[in-house]
Amino acid sequence: MKGFVSTLAILLIFLVVFFLASNFSAKTSEFLDITIKNLILDKVYNTFASIEYGVQLILAEEANIGGVNVTIEENNFNIVNFSEILPRRPTVSDFSKDLDRFEKFAETKLNETNLVVDLNFTDLKCLPLVISPYNISYTHIPTDCMQAPAQTEVVIDPQNSWQYLNSYTTLFKPNGQVAAADITGWSGPGCNKGTLRLGIAVIGTDTTLGPYSTTTLYDKMCKFNIDNMACPGGFGFIHVIHNQNSKEEDRGVLSIEVHPNCNINSIVSLNLTDIPGKVKVSFPPQSIKVKETLYQIEKNDTVYIFGG
Amino acid sequence: MKKGFFFSLDTALAVIVATVLIIGTFFNLSKGQEDVFGRLYISKIANDVLITLNKNKTLDTLDSALIKNRLNDILPDNLAFKLNITVYECDSSTCQKFNVVSGKNVLINPDSQEIDSITAKRSFLTFENNQIKYFSVAELRVWLR
């Protein structure tokens, strides 16, 4: 009987030690798993960040985000300024070619076993820019930007965010004389009504036209035409049109059309009511995707110019 | 005879059970010996160092001596390292393939003996006349001395 109790006690001690060791092992495995996931998260994030930084360098190196200079002034209001030469001629730009090369390079040389790098820079070349958190887009038409120099249009589409839009200010600086141009002034069913302020000024080598300003209804058309301007390629025009088709769903949409004969330094400023969230300017979503296939860890995001 | 047999059987069973439990215990305990947290820490250091060298434009120089000096300055003394930068350029204007540029690759401490090293990898670009000249991949291997 005495021997039986001793044996049982020793067995129990062994079992307790074994149980504790198993428990320790399970916790260690859990910790190991979390640490490995952390290592992979870091790897995915670092690969993403190095590609994002490369794109930012390409865009910045080759003249202010591929030809568009973006600035933000934050005060009681948020003012976002876009400056570029219109009409846009992207096919001659080097940044588009370099983006293609970098896309090929990253997809070839940064792909590893269990790590997939998938880039979509096609949409970047036309430089559509998104202002967050307003979901306002600054885009170029045609959207593929692959056609020969053609009429370029800039559309600012507030979609559901039109109520945060207070004003548009546009400034054009053609490198030529403007005094002889034909100005029709603000005209359309929306003009001189409503609360959306529109402003335009043209600074030529001979004189300054404007500033001309008006207010408009968000859901109605109001436009300003400057025709018969002396441009490098012949006569040209600048048309600034708010809500071209007077549509409810196009509230706040602004189109800027510059004739292909011209090369005009154009600045568009949006005055926006401040809302919670940091103002960010980025490319459209899902430009860079890095995925680890074993643990299914993925980072799929865009390239931020401001506030990323 | 009968008594001795049962005694031996009992002893054998006890030894088997004890051995299994001891081996199991040591096996489970040995799992806790892997220093994975240490590896994570070293990996973070290695990646941070590469990011710093990329953003302060040191990597772009492709200057072996300069990069080595900076690495010696930045990395903690208890870490040894090996750096390999492979430099590529487009094969043609259409850039169908990327060829390694001979004479441009950077190798620092290539013969160091690695012990359980961690690798950090980062791509970077070198520009000339506002256009991409070289596409490079830097691999930094770091381990405890």
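**Core.** I looked up the largest nonpolar core in this predicted model and found 84 residues in it. A nonpolar core here is a set of buried Ala, Val, Leu, Ile, Met, Phe, Trp, Tyr and Cys residues joined through C-beta atoms within 7 Å. Buried means 20 or more other C-beta atoms within 10 Å of the residue's own, exposed means 12 or fewer, and partly exposed lies in between, with C-beta atoms placed from the backbone. Ala46(B) and Leu140(B) have the most contacts inside the core. Strand E5 (residues 131-144) of chain B gives the most to this core, six residues. Helices (H or I, at least four residues) and strands (E, at least two) are DSSP runs numbered from the N terminus.

I then listed the partners of Ala46(B). Leaving out residues up to four places away in sequence, Ala46(B) touches Ile118(B), Ala120(B), Leu140(B) and Val142(B). A contact requires C-beta atoms, placed from the backbone, within 7 Å.

**Conventions.** I number residues from 1 along each chain as its sequence is written, and letter chains from A and number ligands from 1 in the order in which they are written. For this predicted model, local features need pLDDT of at least 70 and side-chain atom pairs count only at pLDDT 80 or more, while totals for chains, interfaces and linings use all residues.

**Confidence.** I read a mean pLDDT (the predictor's confidence in each residue, from 0 to 100) of 85 for chain B, with 92% of the residues at 70 or above. For the complex I noted an ipTM of 0.80 and a pTM of 0.75 from the predictor.

**Domains of chain B.** The assignment, which is automatic or from a database, gives domain 1 (1-33) and domain 2 (36-144). I find their centres, over C-alpha atoms, 54 Å apart.

**Interface.** I count 28 residues of chain B in contact with 31 residues of chain A. On the chain B side, H1, helix H2 (36-55), E1, strand E4 (118-128) and E5 each give two or more residues. H1(B) has the largest share, seven residues. By type, the chain B side divides into 15 nonpolar, nine polar and four charged residues. Ala, Val, Leu, Ile, Met, Phe, Trp, Tyr, Cys and Pro count as nonpolar, Asp, Glu, Lys and Arg as charged, and the others, Gly among them, as polar.

**Chain A.** I find three helices and 18 strands in chain A. The radius of gyration of chain A is 29 Å, well over the 19 Å that the globule rule gives for 308 residues, so chain A is more spread out than a compact globule. The radius is taken over C-alpha atoms, and the rule is 2.2 Å times the number of residues to the power 0.38. Along the principal axes, the C-alpha atoms of chain A fill a box of roughly 120 × 40 × 30 Å. Of the 308 residues, 33% count as buried.

**Two residues.** Val281(A) is in strand E15 (residues 280-282) of chain A. I note that Val281(A) is buried, with 22 other C-beta atoms within 10 Å. Val80(A), 201 residues away along the chain, has its C-alpha atom 9.1 Å from that of Val281(A).

Ile108(B) is in strand E3 (residues 106-108) of chain B. I note that Ile108(B) is partly exposed, with 17 C-beta neighbours inside 10 Å.

Conventions:
Contact = placed C-beta atoms within 7 Å.
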